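Subject: Structure for your review

Dear colleague,

My notes on what was found in it follow directly after.

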Amino acid sequence: MTGNAVPRLFFPVLLVSILALSLSPGADEAQASADTILFVDPAVATVNVGESFAVNVCIEDVVDLFSYETKLGFDKAVLTAVAVEEGPFIRDHTTSPMGTFFLQTIEADFVHVGCLTMGKYPGVNGSGILFIVTFNATKSGTSSLHLYGSILLDSDVTPLSHSTVDGAVSVARLGDVNGDGVVNVLDLAIVSLAYGSFEGEPNYNPDADINEDGVVDMRDLFIVARHLGETDS
Ligand SMILES: [Ca+2]
Ligand SMILES: [Ca+2]
């Protein structure tokens, strides 16, 4: 009925499997792939309140990636996760005719993602996109996009060593020139002080040039006016 049923069952099973593997002989021979990086792309995103945007979670320089699991945390005061979809890295490159089994849960402040190659087939080498998360920006502020609890497995079901690099998102309210969370006469005044100025001139203010076309004019004033009264609180 809901998409949550399978993943909720799956993750404990995966954890038990990994626990069992870690107790079995030879499981501590983790392959040293010091250069493998799990990272968020883009590293820094800037969006406006009300916009949705997507980030990729990517892998770099991996050898024999068979399956993985990770969480991606975010600030629920600023962002809401709305969708998670599988990326092409394993899905499009695995030699398994059964492909992959991809699963995800969306929680208030993190997404939990797992992917299995189905059957006994080699893992995938190289770099690419593991999955894509779509967010809605709900309020102005900043949020880290924090990768944690990540486990990468090779085709012997041995954990692969790797590092992680988080991303960050800055959410602005369009028209909130001074960034105080409300669009009001203060923001209009900042635009009017720079009104008529071109980039490079002394009274040009890049914050007031909201559409970033190199001049502060009626277009910028209209953007503020259109959002007048909007507030984070
Ligand atoms: Ca303001
Ligand atoms: Ca402008």
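I begin with a single residue. Gly167 has 21 other C-beta atoms within 10 Å and is therefore buried, the cut-off for that class being 20 or more. Please bear in mind throughout that this is a predicted model.

Gly167 belongs to strand E11. Leaving out neighbours within four places in sequence, Gly167 is in contact with Val40, Pro42, Ala43, Val44, Val55 and Leu145. The C-alpha atoms of Gly167 and Ala45 are 8.1 Å apart, although 122 residues separate the two along the chain. For the chain as a whole, 71% of the contacts between residues at least 6 apart in sequence join residues at least 24 apart.

Confidence in the model

The mean pLDDT of the protein chain is 89, with 85% of the residues at 70 or more. Residues 1–7 fall below 50, and this stretch has six contacts in the model beyond near neighbours in sequence. Residues 18–33 also stay under 50 in pLDDT; for them the model has 20 contacts beyond four places in sequence. Where pLDDT is low, the predicted coordinates should not be read in detail.

The secondary structure consists of four helices and 11 strands. Strands of a sheet pair through backbone hydrogen bonds, in either the parallel or the antiparallel sense.

One open sheet has six strands in the order E2-E11-E9-E4-E7-E6, and its pairing is mixed. Strands E2 (44–48) and E6 (100–106) stand at the edges with a single partner strand each, so one side of each has no neighbour in the sheet. From one strand to the next, the twist averages 15 degrees. E2 and E11 (residues 167–172) run parallel and are joined by five bridges; Val47 stands opposite Val171 of E11.

Another open sheet has five strands in the order E5-E8-E3-E1-E10, again with mixed pairing. Its edge strands are E5 and E10 (163–165), each of which pairs on one side only. Here the twist averages 20 degrees from one strand to the next. The pairings in this sheet include the following:

- E3 (residues 52–65) and E8 (residues 124–137) run antiparallel and are joined by 10 bridges; Val57 has Phe131 of E8 as its bridge partner.
- E5 (residues 79–86) and E8 are antiparallel, with seven bridges between them; Glu85 has Ile132 of E8 as its bridge partner.
- E1 (residues 37–41) and E10 pair in the parallel sense over three bridges; Ile37 has Ser163 of E10 as its bridge partner.

Of the 233 residues in the protein chain, 28% count as buried. The largest nonpolar core comprises 34 residues, and those with the most contacts inside it are Val57, Leu65, Leu79, Leu130 and Val133. Strand E8 gives the most to this core, with six residues. Apart from this core lies another, of eight residues, among them Val177, Val183, Ala208 and Ile210.

Which residues does Leu79 touch, not counting those up to four places away in sequence? They are Phe74, Phe135, Asn136, Ala137, Thr138, Ser143 and Val169.

With kind regards

Definitions and conventions
Residues are numbered from 1 along each chain as its sequence is written. Chains are lettered from A and ligands numbered from 1 in the order in which they are written. This is a predicted model: local features need pLDDT of at least 70, side-chain atom pairs count only at pLDDT 80 or more; totals for chains, interfaces and linings use all residues. pLDDT is the predictor's confidence in each residue, from 0 to 100. Two residues are in contact if their C-beta atoms, placed from the backbone, lie within 7 Å. Two strands pair if DSSP finds at least two bridges between them. Helices (H or I, at least four residues) and strands (E, at least two) are DSSP runs, numbered from the N terminus. A residue is buried if 20 or more other C-beta atoms lie within 10 Å of its own, exposed if 12 or fewer, and partly exposed in between; C-beta atoms are placed from the backbone. Axes are lines fitted to C-alpha atoms, for helices over the stretch in contact, and angles run from 0 to 180 degrees between N-to-C directions. A nonpolar core is a set of buried Ala, Val, Leu, Ile, Met, Phe, Trp, Tyr and Cys residues joined through C-beta atoms within 7 Å.
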